[in-house]
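Keep the structure open while reading.

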Amino acid sequence: MWSTAREIAAGDVVIIWQTRDAIIPITISPGGVYNSKFGCYPHDTLIGTLYGSKVHSKSGRGFVHVLRPTPELWTLALPHRTQILYAADIAFIVGWLGVAVGSTVIEAGTGSGSFSHSVARTVGKRGKLYSYEFHEVRAEKAREEFTRHGIDGIITLNHRNVCKDGFTVEDTADSVFLDLPAPWLAIDHAKKALRKDRVARICCFSPCMEQVLRTVTALNTAGFTEITMFETLTRPHDIYQQGSCLSLPTTVGEVGDKLKKAEIRREEKRLKQVAAAKAVWVPKPKEDGEDGDEMQVVKPEAGEDASSGLHAKRKRESDPNKSDDEQTGPSALDAKRVKTEAEIEAEETQQEQAAVDKAKPPMVVSRVLTEVRGHTSYLTFACLVPTHPDAKPMVVFGANSSAEPSTTGTPVG
Ligand SMILES: C[S@@+](CC[C@H](N)C(=O)[O-])C[C@H]1O[C@@H](n2cnc3c(N)ncnc32)[C@H](O)[C@@H]1O
């Protein structure tokens, strides 16, 4: 399929992972340059680099990861020519159709080849995928890609309208997958293409319920059984390491300790404020009796209010011409002290948190992503069971229990 070597070589298809939303496939060609807002990367510097490496841009400011393609990465990186299937649907379809190494599978239409790459990997060289696409340009592009990715030996691509002209094989396929606007028009053709010597399976992908109903009716009419419908949804998680953008989860004990400490700090602060309110800061007199630059605390005299009496008196004495704002009095100093306390408190909290984080074992946390790639889709599965000429018709018990015996299995609708 893609290169299996450890190192990147000229001609390799490489996935450039920039961010979760910017994943680009490039083909390495000597002399070529990959440019993006994440920097400039001459292909020659990538040749010989180990797959999976983090590579820095020419300027050293940006970086990308260079990855070996897989069908899953290809689905995220491929050039879109149509709507495509994503991993959740692909995995479910491959599982329910029972696609395995050596299987023969039919798909229509090829579209952007997202589903084709996964199936090609699963069936391998002993298997076969017949892919059909009626849009000529899309068919040609997909053919080029299959050749470049080395899966053209597994996939036979046909430019053909399967609803009108059917498939190119008969009694051959283990399973058929239809991703078409009107799959019900291809169900009789699919029946012809499926093998009849053992249970064969079909899946139709439809984005709306009206299409599902028409498909189910066509499957019933054509004699398919075990008709079942699913809607698949994914819930991807983002993973963060300790010390990255997410803060670590805290235990109940830790929260309790923090609250207790905060309570003690608040009480100490309150007591200091009470003491400060009772005390007055005044200039310390020099030896000659004049006011000095240093300040001192003076307790209010009995019966005197700190904020009015002594404080105001001392202030006027120190410089009667200065306004309250200009005075380097106790209120300004107190404000400075309170601010410093707040800073100290913040620092202490930070230090405590750092100590707690350090004491914890390395931890990885995950968060559910809010945006998910994919679209609503209904997957209708059914089986084609071999009918022996002597087999008795199967009786169907349903809402209409007086119905005639049927050979078509359990109807769904
Ligand atoms: C949604 S896309 C398939 C996407 C594909 N499953 C993937 O994962 O990339 C549907 C494709 O079916 C093709 N198509 C529609 N009607 C068709 C028909 N009657 N015969 C063959 N191809 C058809 C369209 O041209 C289109 O490319």
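The accessible surface of the protein chain comes to about 24200 Å², and carbon and sulfur atoms hold 54% of that area. The model is predicted. Of the 413 residues in the chain, 36% are buried. The chain has eleven helices and 17 strands. Take the contacts between residues at least 6 apart in sequence: 63% of them join residues at least 24 apart.

Start inside. S175 lies in strand β10, which covers residues 175-178. S175 has 1% relative accessibility, so this residue counts as buried; the cut-off for buried is under 20%. What is S175 in contact with, leaving aside its neighbours within four places in sequence? The partners are L97, V99, T104, V105, I106, L194 and R201.

Now move to the surface. E287, D288, E290 and D291 form a negative patch there. One of its members, D288, sits in the loop between β14 (280-285) and β15 (291-298). D288 counts as exposed because its relative accessibility is 56%, and exposed means over 50%.

Next come the charged pairs. Side chains of opposite charge can pair when their charged atoms come close. How many salt bridges does the model hold? The count is ten, with a cut-off of 4 Å between nitrogen and oxygen.

Two of the pairs described here sit within helices. In helix α5 (residues 136-148), E140 and R143 are three residues apart, about one turn of the helix. They form a salt bridge, with the closest N and O atoms 3.7 Å apart. E140 is partly exposed, at a relative accessible area of 39%. R143 is also partly exposed, at 32%.

Helix α9 (residues 252-278) holds R270 and E267, again three residues apart, about one turn of the helix. Their side chains meet in a salt bridge at 3.1 Å, N to O. R270 has a relative accessible area of 44%, so it is partly exposed. E267 is partly exposed too, with 37%. Elsewhere, salt bridges that share partners join D174, R195, D197 and R198 into one network.

K164 and D165 meet through their side chains in a salt bridge, 4.0 Å from N to O. Is K164 buried or exposed? K164 is exposed, because its relative accessible area is 64%. D165 is partly exposed, with 41%.

Notes. Residues are numbered from 1 along each chain as its sequence is written. This is a predicted model: local features need pLDDT of at least 70, side-chain atom pairs count only at pLDDT 80 or more; totals for chains, interfaces and linings use all residues. Side-chain values use heavy atoms; hydrogens and water are left out. Helices (H or I, at least four residues) and strands (E, at least two) are DSSP runs, numbered from the N terminus. Buried means under 20% relative accessible area, exposed over 50%, partly exposed in between (1.4 Å probe, protein chains only). Contact means heavy atoms within 4.5 Å. Accessible areas come from the Shrake-Rupley method with a 1.4 Å probe; for residues, only the protein chains shown count as cover. Patches are made of residues with over 30% relative accessible area and no salt bridge: like charges are joined within 9 Å, nonpolar side chains (Val, Leu, Ile, Met, Phe, Trp, Tyr) within 5 Å. Lys and Arg count as positive and Asp and Glu as negative; His and the chain ends are not counted. The place of a charge is taken as NZ of Lys, CZ of Arg, CG of Asp or CD of Glu.
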